[in-house]
Amino acid sequence: MNKEKFYVTTPIYYVNDIPHIGHAYTTVAADVVARYKRLKGFEVFFLTGTDEYGQKVEKAASAAGVSPKELADKVVERFKSLWKVLNISNDDFIRTTEPRHKAAVLDIWEKVKAGGDIYLGEYEDWYCTPCENFLTKAQLEDEKCPDCGREVDKLKEKSYFFKLSEYQDYLVKFIKDNPGFISPKIRENEVLSFISEGLRDLSISRTAFSWGVGVPEDPAHVMYVWFEALMNYLSGSGYPVKKDFWPPDVQLIGKDILRFHTVFWPAFLKSAGLEPPKKVFAHGWWTVEGKKMSKSIGNVVDPFKVASDYGVDQFRFFLLREVPFGKDGDFSVNALEGRINSELANDLGNLLSRTLSMVAKYRDEVIPEFKSTEEDIKNAKDSGFGFFSPDFKDTFDEHICEVRFHLALEQLWEVVRAMNAYVDKSAPWTLAKEGKDKELDLVLFNLLEGLRITALYLYPFMPESALRIRKSLGIEGSISAVDFDKDILFRGETIGGLKTDKGSPLFPRIEKE
Ligand code: MSP
């Protein structure tokens, strides 16, 4: 049977800088979507990579006394090793300096040109190199870049232009006809209001430096880095040879690069006769302990360090649990430790540990054979085992598809908390003391079954911990063998006999010194 395809992307990261929490954020988010869709049986293509051309990278390399390619070769390894550490399951990694990228870019350039959308002119206006963005005088704030607040340069150079102005009506109609293409809604409004101010043609080549993809038949020009970089989503998925994953189902980006992805990008694609992505979701920005993250303040959060100090899954969980995905959020040690202690150690870790302790103590680590009655199922439902509700699975699915990670986790935690309350209420220790074996088996069965399902829902967010839970419940077999639609449901019975294994605490508490 042919599996349904699903394509998810992250932005490609500039190699002028080493990875920080902002990069980790988008990539972990995309990983959750990719893992979830794979678990559901989709054939997933998850792409990330590095953006290696442009004036900004060229400047950074020259400041470091190396060639841009040498800088890229070095920094790309930092990104790749971070993705390994954070357990990122990307299917490919595209570097824009690869020949396969150039091939796709040239193909698109030719298509856009053949459609009559490229002409030679002269660009005379402002440019922000840190943002790699063209600006008008009116857009400047205090003569600085309105987006990053840094110095801008006045440019006057020959340039190829893309007829963006001719796509204004198309874009407005497309965005309005496809609610959800730009998410969250507030970003859609922002983009529509930007377009309504009028789109000017876009300069898509530069002559002041040479670190870029050369314009065909005009060696004085290299392509504007954003024109070329956006094409990574094509080149990385095999274009122009392979088109089977096109268009992307969801492209995750930060709010600062919204216009590039929702104005330029769909216009380039339309011009080249290709379908636009189905959804572009712009997440918010992290501040650190209430302050803007910046090298000059020296508060840049190093994801390698957070993962090694607190645990990879703890970090992944925090990133997506703490802040609604479209909103800005604040990273602080207090908030991170608070989430780890309350929701991971106290709620989930404790539930697992007490359940396994009871199976060890009362049933010699062997899962009892059990078959629930209608009445048992009704009682479990009433006790907050939300997995019974037919809506649970669909609501969770909707949350992930709409990238509402914090709500998906909250929904899961409601059940985790209910299961802890169920332990307290059913007092299995009393049942054991009074020799009520059947009742005790029922409680253990409900908890073990609840934990088994929790681990499946948790897997996309915290893959390592989910696998550990499965192992401690005696579940054999790899996650890829899971039949999601069937295995995610509460079963009425166990075959019994599986051996549990408590092991060390899943989420050790962080003790304050
Ligand atoms: N190279 C471009 C993207 C090209 S995609 C065709 C780029 N690279 S970047 O390395 O500067 O930024 C990558 C991502 O990191 C952006 O989505 C940006 O929003 C994100 N973040 C950078 N700082 C951030 C925070 N402080 N918080 C959250 N995300 C942030 O832009």
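**Ground rules.** I number residues from 1 along each chain as its sequence is written, and side-chain values use heavy atoms, with hydrogens and water left out. Since the model is predicted, local features need pLDDT of at least 70 and side-chain atom pairs count only at pLDDT 80 or more, whereas totals for chains, interfaces and linings use all residues.

**Pocket.** I find 20 lining residues, with Arg468, Lys502, Ser504, Pro505 and Leu506 nearest the centre; a lining residue has an atom within 4 Å of a point. Helix 12 (333-363) and helix 18 (463-472) each supply at least two residues of this lining, and helix 12 gives the most, with seven; helices here are DSSP runs (H or I, at least four residues), numbered from the N terminus. I sorted the lining into eight nonpolar, seven polar and five charged residues, where Asp, Glu, Lys and Arg count as charged, Ala, Val, Leu, Ile, Met, Phe, Trp, Tyr, Cys and Pro as nonpolar, and the others, Gly among them, as polar.

**Salt bridges.** I searched the whole structure and found 40 salt bridges, each a side-chain nitrogen of Lys or Arg within 4 Å of a carboxyl oxygen of Asp or Glu. One of them joins arginine 321 to glutamate 410 at 2.5 Å, N to O. Arginine 321 lies in helix 11 (residues 312-322) and glutamate 410 in helix 15 (residues 405-426), so this pair ties together parts 89 residues apart in sequence. I note arginine 321 as buried at 9% relative accessibility and glutamate 410 as partly exposed at 22%, with buried meaning under 20% relative accessible area, exposed over 50% and partly exposed in between (1.4 Å probe, protein chains only). Both residues also belong to a network of salt bridges that links Arg321, Glu322, Arg339, Glu343, Asp347, Glu410 and Arg417.

**Two further pairs.** Lysine 499 and glutamate 365 meet in a salt bridge at 3.2 Å, N to O. Lysine 499 is partly exposed at 48%, and glutamate 365 is partly exposed at 27%. Arginine 509 pairs with glutamate 511, their closest N and O atoms being 3.7 Å apart; here arginine 509 is partly exposed at 43%, while glutamate 511 counts as exposed at 58%.

How values were computed
On a 1 Å grid over the protein atoms alone, a cavity is a set of points where a 1.4 Å probe fits but cannot get out, and a pocket is an open set with protein on both sides within 12 Å along at least five of seven lines; lining residues have an atom within 4 Å of a point.
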